[in-house]
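Trainee: Could you take me through how the helices of this model pack, what lies in its interior and what its loops look like?

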Amino acid sequence: MAIYEKSPLSPFLIIGLGNPGREYKHNRHNIGFMLVDRLAERLGITFSRLESRALITKGDYRGQRLVLAKPQTYMNLSGQSAGALVRFYKVSLEHFLVAYDDVDLPFGMLRLRPSGGSAGQKGVISIIERLGSQEFPRLRLGIGRPPGRMDAAAYVLQDFPRHEAEILPQILDRAVEAVLTFVSEGLVTAMNSYNTPLDIDQ
(Lines give C-alpha, C1' and ligand atoms only; values in the text may rest on other atoms or scores of the structure.)
Protein backbone atom coordinates (compact mmCIF):
# COMPACT_ATOMS: atom_id res chain seq x y z
CA MET A 1 0.00 0.00 0.00
CA ALA A 2 1.18 3.51 -0.76
CA ILE A 3 1.09 4.63 2.86
CA TYR A 4 3.81 2.11 3.67
CA GLU A 5 6.23 3.37 1.02
CA LYS A 6 9.29 5.31 2.12
CA SER A 7 8.59 9.03 2.34
CA PRO A 8 10.90 11.79 3.55
CA LEU A 9 7.80 13.48 5.00
CA SER A 10 6.73 10.49 7.05
CA PRO A 11 6.87 11.14 10.80
CA PHE A 12 8.30 8.61 13.22
CA LEU A 13 5.57 6.83 15.15
CA ILE A 14 6.82 5.36 18.43
CA ILE A 15 4.29 3.13 20.18
CA GLY A 16 4.79 1.74 23.66
CA LEU A 17 2.65 -1.23 24.61
CA GLY A 18 0.88 -1.70 27.92
CA ASN A 19 -2.49 -1.82 29.63
CA PRO A 20 -4.42 1.32 30.59
CA GLY A 21 -5.53 1.81 34.18
CA ARG A 22 -3.83 2.68 37.47
CA GLU A 23 -3.75 -0.94 38.60
CA TYR A 24 -1.42 -1.84 35.71
CA LYS A 25 0.80 1.25 35.80
CA HIS A 26 3.87 -0.36 37.38
CA ASN A 27 3.46 -3.87 35.92
CA ARG A 28 6.28 -5.47 33.95
CA HIS A 29 3.86 -5.64 31.01
CA ASN A 30 3.72 -1.82 30.98
CA ILE A 31 7.40 -1.15 30.41
CA GLY A 32 6.52 0.00 26.87
CA PHE A 33 4.28 2.71 28.35
CA MET A 34 7.07 3.60 30.79
CA LEU A 35 9.50 4.05 27.92
CA VAL A 36 7.36 6.44 25.88
CA ASP A 37 6.56 8.37 29.07
CA ARG A 38 10.30 8.74 29.67
CA LEU A 39 10.84 9.71 26.04
CA ALA A 40 8.12 12.36 26.23
CA GLU A 41 9.74 13.73 29.38
CA ARG A 42 13.09 13.91 27.60
CA LEU A 43 11.52 15.82 24.70
CA GLY A 44 9.60 18.16 27.00
CA ILE A 45 6.15 17.08 25.79
CA THR A 46 3.14 15.56 27.54
CA PHE A 47 0.40 13.10 26.64
CA SER A 48 -2.69 15.26 26.43
CA ARG A 49 -4.76 13.99 23.49
CA LEU A 50 -6.80 10.88 22.79
CA GLU A 51 -6.64 9.89 19.15
CA SER A 52 -7.37 6.57 17.43
CA ARG A 53 -7.96 5.01 20.85
CA ALA A 54 -4.49 6.03 22.03
CA LEU A 55 -2.99 8.73 24.21
CA ILE A 56 -0.65 10.64 21.93
CA THR A 57 1.81 13.49 21.99
CA LYS A 58 3.93 15.07 19.27
CA GLY A 59 7.41 16.51 19.20
CA ASP A 60 10.57 16.99 17.19
CA TYR A 61 14.09 15.65 17.49
CA ARG A 62 16.95 16.85 15.31
CA GLY A 63 14.58 17.91 12.57
CA GLN A 64 12.47 14.74 12.64
CA ARG A 65 8.78 14.78 13.54
CA LEU A 66 7.73 12.28 16.21
CA VAL A 67 4.36 10.96 17.30
CA LEU A 68 4.40 9.01 20.57
CA ALA A 69 1.45 6.79 21.43
CA LYS A 70 0.11 4.61 24.24
CA PRO A 71 -2.83 2.48 23.00
CA GLN A 72 -5.75 2.49 25.44
CA THR A 73 -7.33 -0.70 24.09
CA TYR A 74 -5.55 -3.17 26.41
CA MET A 75 -2.52 -5.08 25.21
CA ASN A 76 -4.12 -7.78 23.08
CA LEU A 77 -6.03 -5.21 20.96
CA SER A 78 -3.11 -2.82 20.43
CA GLY A 79 -3.29 -3.29 16.67
CA GLN A 80 -6.61 -1.44 16.49
CA SER A 81 -4.94 1.75 17.63
CA ALA A 82 -1.57 1.18 15.97
CA GLY A 83 -3.07 0.42 12.56
CA ALA A 84 -5.30 3.49 12.68
CA LEU A 85 -2.38 5.75 13.64
CA VAL A 86 -0.11 4.37 10.92
CA ARG A 87 -2.78 5.05 8.34
CA PHE A 88 -3.83 8.47 9.65
CA TYR A 89 -0.27 9.82 9.79
CA LYS A 90 0.78 7.98 6.60
CA VAL A 91 3.74 6.50 8.45
CA SER A 92 6.31 4.53 6.50
CA LEU A 93 6.77 1.21 8.30
CA GLU A 94 10.50 1.85 8.53
CA HIS A 95 9.57 4.87 10.68
CA PHE A 96 7.26 2.82 12.91
CA LEU A 97 8.77 1.46 16.14
CA VAL A 98 6.96 -0.67 18.71
CA ALA A 99 8.43 -1.00 22.22
CA TYR A 100 7.30 -3.83 24.50
CA ASP A 101 8.24 -6.24 27.28
CA ASP A 102 9.99 -9.52 26.48
CA VAL A 103 10.28 -12.43 28.93
CA ASP A 104 12.89 -14.13 26.75
CA LEU A 105 15.45 -11.40 27.41
CA PRO A 106 17.18 -10.87 30.76
CA PHE A 107 15.99 -7.91 32.80
CA GLY A 108 17.63 -4.74 31.48
CA MET A 109 18.57 -6.14 28.06
CA LEU A 110 17.50 -4.17 24.99
CA ARG A 111 17.07 -5.74 21.59
CA LEU A 112 16.29 -3.69 18.48
CA ARG A 113 15.20 -5.63 15.42
CA PRO A 114 14.14 -4.50 11.93
CA SER A 115 11.28 -7.01 11.65
CA GLY A 116 10.18 -10.47 12.73
CA GLY A 117 7.44 -12.47 14.35
CA SER A 118 5.63 -11.84 17.61
CA ALA A 119 7.26 -14.51 19.80
CA GLY A 120 3.81 -14.84 21.37
CA GLN A 121 3.58 -11.21 22.55
CA LYS A 122 -0.14 -10.51 22.17
CA GLY A 123 0.16 -6.80 21.48
CA VAL A 124 2.61 -7.48 18.66
CA ILE A 125 0.36 -10.25 17.31
CA SER A 126 -2.48 -7.73 17.13
CA ILE A 127 -0.33 -5.13 15.36
CA ILE A 128 0.97 -7.62 12.78
CA GLU A 129 -2.60 -8.73 12.06
CA ARG A 130 -3.85 -5.16 11.61
CA LEU A 131 -0.94 -4.03 9.44
CA GLY A 132 -0.80 -7.23 7.42
CA SER A 133 2.97 -7.09 7.80
CA GLN A 134 5.69 -7.90 10.31
CA GLU A 135 8.21 -5.72 8.49
CA PHE A 136 8.49 -2.97 11.08
CA PRO A 137 11.17 -2.21 13.68
CA ARG A 138 10.64 -3.12 17.30
CA LEU A 139 12.42 -2.55 20.59
CA ARG A 140 12.19 -5.50 22.95
CA LEU A 141 12.70 -4.59 26.60
CA GLY A 142 13.91 -7.51 28.68
CA ILE A 143 12.00 -8.32 31.86
CA GLY A 144 13.41 -11.80 32.50
CA ARG A 145 11.75 -15.17 32.88
CA PRO A 146 9.18 -15.95 35.57
CA PRO A 147 10.62 -17.89 38.51
CA GLY A 148 9.97 -21.58 38.94
CA ARG A 149 6.68 -22.69 37.43
CA MET A 150 4.98 -19.31 37.60
CA ASP A 151 2.69 -18.67 34.65
CA ALA A 152 4.12 -16.03 32.30
CA ALA A 153 0.73 -14.28 32.08
CA ALA A 154 0.71 -13.80 35.85
CA TYR A 155 4.37 -12.77 35.94
CA VAL A 156 4.05 -9.93 33.44
CA LEU A 157 1.10 -8.48 35.38
CA GLN A 158 3.18 -8.16 38.55
CA ASP A 159 4.87 -4.90 39.50
CA PHE A 160 8.66 -4.77 39.25
CA PRO A 161 10.16 -5.82 42.59
CA ARG A 162 12.06 -3.20 44.53
CA HIS A 163 15.56 -4.24 43.44
CA GLU A 164 14.54 -3.99 39.78
CA ALA A 165 12.46 -0.84 40.22
CA GLU A 166 15.51 0.92 41.65
CA ILE A 167 17.52 0.50 38.43
CA LEU A 168 14.58 0.73 36.03
CA PRO A 169 15.11 4.48 35.41
CA GLN A 170 18.65 3.76 34.20
CA ILE A 171 17.34 1.09 31.85
CA LEU A 172 14.61 3.37 30.52
CA ASP A 173 17.09 6.20 29.95
CA ARG A 174 19.23 3.86 27.87
CA ALA A 175 16.15 2.75 25.92
CA VAL A 176 15.30 6.42 25.27
CA GLU A 177 18.79 6.93 23.84
CA ALA A 178 18.28 3.87 21.64
CA VAL A 179 15.03 5.29 20.26
CA LEU A 180 16.55 8.71 19.63
CA THR A 181 19.52 7.12 17.87
CA PHE A 182 17.07 5.16 15.70
CA VAL A 183 15.31 8.41 14.79
CA SER A 184 18.43 10.48 14.12
CA GLU A 185 21.00 7.97 12.86
CA GLY A 186 19.05 4.94 11.69
CA LEU A 187 18.23 1.47 12.91
CA VAL A 188 21.58 -0.16 12.13
CA THR A 189 23.50 2.38 14.20
CA ALA A 190 21.03 2.03 17.05
CA MET A 191 21.27 -1.77 16.94
CA ASN A 192 25.07 -1.68 16.96
CA SER A 193 25.11 0.72 19.89
CA TYR A 194 22.39 -0.70 22.14
CA ASN A 195 21.96 -4.43 21.46
CA THR A 196 24.44 -5.15 24.24
CA PRO A 197 23.98 -5.97 27.94
CA LEU A 198 23.47 -3.05 30.29
CA ASP A 199 26.41 -2.34 32.58
CA ILE A 200 24.55 -1.43 35.75
CA ASP A 201 27.69 0.07 37.25
CA GLN A 202 28.39 2.44 34.36
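Trainee: In this predicted model, are H1 and H6 roughly parallel or roughly perpendicular to each other?
Mentor: Helix H1, residues 31-43, packs on helix H6, residues 168-185, with the axes 9 Å apart and at an angle of about 70°. Angles from 65 to 115 degrees count as roughly perpendicular. H1 and H6 are therefore roughly perpendicular.

Trainee: Which residues of H1 meet H6, and how many residues of that contact are nonpolar, polar and charged?
Mentor: On the H6 side the contact includes Leu168, Pro169, Leu172 and Asp173, among others, and on the H1 side it is made by Ile31, Met34, Leu35, Arg38, Leu39, Arg42 and Leu43. By class, the contact of H1 with H6 holds 12 nonpolar, no polar and 4 charged residues.

Trainee: How does the contact of H6 with H7 divide into nonpolar, polar and charged residues?
Mentor: The axes of H6 and helix H7, residues 187-194, come within 7 Å and cross at roughly 150°, and H6 and H7 are therefore roughly antiparallel to each other. Their crossing is right-handed. In this contact Arg174, Glu177, Ala178, Thr181, Phe182 and Glu185 of H6 meet Leu187, Thr189, Ala190, Ser193 and Tyr194 of H7. These residues divide into 5 nonpolar, 3 polar and 3 charged.

Trainee: Which residues touch the most other members of the largest nonpolar core, and which element gives that core its largest share?
Mentor: The largest nonpolar core has 37 residues, and those touching the most other members are Ile14, Leu35 and Leu139. The largest share of this core, 9 residues, comes from H6.

Trainee: What is Ile14 in contact with, leaving aside its neighbours within four places in sequence?
Mentor: With those neighbours left aside, two of the contacts of Ile14 are Val179 and Phe182, where Val179 belongs to the H6 side of the contact with H1 and Phe182 to the H6 side of the contact with H7.

Trainee: How many residues are in the second, separate core?
Mentor: Among the members of this second core are Leu13, Ile15, Val86 and Tyr89, and Val86 is also one of the buried residues of helix H2. The second core has 22 residues.

Trainee: Against which strands and which helix do the buried residues of H2 pack?
Mentor: In H2, which covers residues 78-88, the buried residues are Ser78, Gly79, Ser81, Ala82, Gly83, Leu85 and Val86. They pack against strands E1 (12-16), E2 (49-51), E3 (54-61), E4 (64-71) and E5 (96-102), and against helix H3 (122-131).

Trainee: Is Ile31 buried or exposed, and how far apart in space are Ile31 and Phe160, C-alpha to C-alpha?
Mentor: Ile31 lies in helix H1, and at 1% relative accessibility Ile31 counts as buried. Not counting residues up to four places away in sequence, Ile31 touches Tyr100, Asp101, Leu141, Ile143, Phe160, Leu168 and Leu172. Although Ile31 and Phe160 are 129 residues apart in sequence, their C-alpha atoms are 9.6 Å apart.

Trainee: By what distance are the C-alpha atoms of Leu77 and Phe160 separated?
Mentor: Leu77 is placed in the loop between E4 and H2, and at 34% relative accessibility Leu77 counts as partly exposed. Leu77 and Phe160 are 83 residues apart along the chain, and their C-alpha atoms are separated by 23 Å.

Trainee: Does His29 count as buried or exposed, and what does His29 touch?
Mentor: His29 lies in the loop between E1 and H1, and with 14% relative accessibility His29 counts as buried. Not counting residues up to four places away in sequence, His29 touches Leu17, Gly18, Asn19, Met75, Asp101, Gln121, Val156 and Leu157.

Trainee: What is the phi of Ser52, and what is the phi of Arg62?
Mentor: Most residues other than glycine have a negative phi. Neither residue is a glycine, yet the phi of Ser52 is positive at about 50°, and that of Arg62 is positive and near 50°.

Methods:
Residues are numbered from 1 along each chain as its sequence is written. This is a predicted model: local features need pLDDT of at least 70, side-chain atom pairs count only at pLDDT 80 or more; totals for chains, interfaces and linings use all residues. Side-chain values use heavy atoms; hydrogens and water are left out. Axes are lines fitted to C-alpha atoms, for helices over the stretch in contact, and angles run from 0 to 180 degrees between N-to-C directions. Helices (H or I, at least four residues) and strands (E, at least two) are DSSP runs, numbered from the N terminus. Angles under 35 degrees count as roughly parallel, over 145 as roughly antiparallel, 65 to 115 as roughly perpendicular and the rest as oblique. Contact means heavy atoms within 4.5 Å. Ala, Val, Leu, Ile, Met, Phe, Trp, Tyr, Cys and Pro count as nonpolar, Asp, Glu, Lys and Arg as charged, and the others, Gly among them, as polar. A nonpolar core is a set of buried Ala, Val, Leu, Ile, Met, Phe, Trp, Tyr and Cys residues joined through side-chain atoms within 4.5 Å. Buried means under 20% relative accessible area, exposed over 50%, partly exposed in between (1.4 Å probe, protein chains only). A crossing is left-handed if the near helix is turned anticlockwise from the far one by less than a right angle, and right-handed if clockwise.
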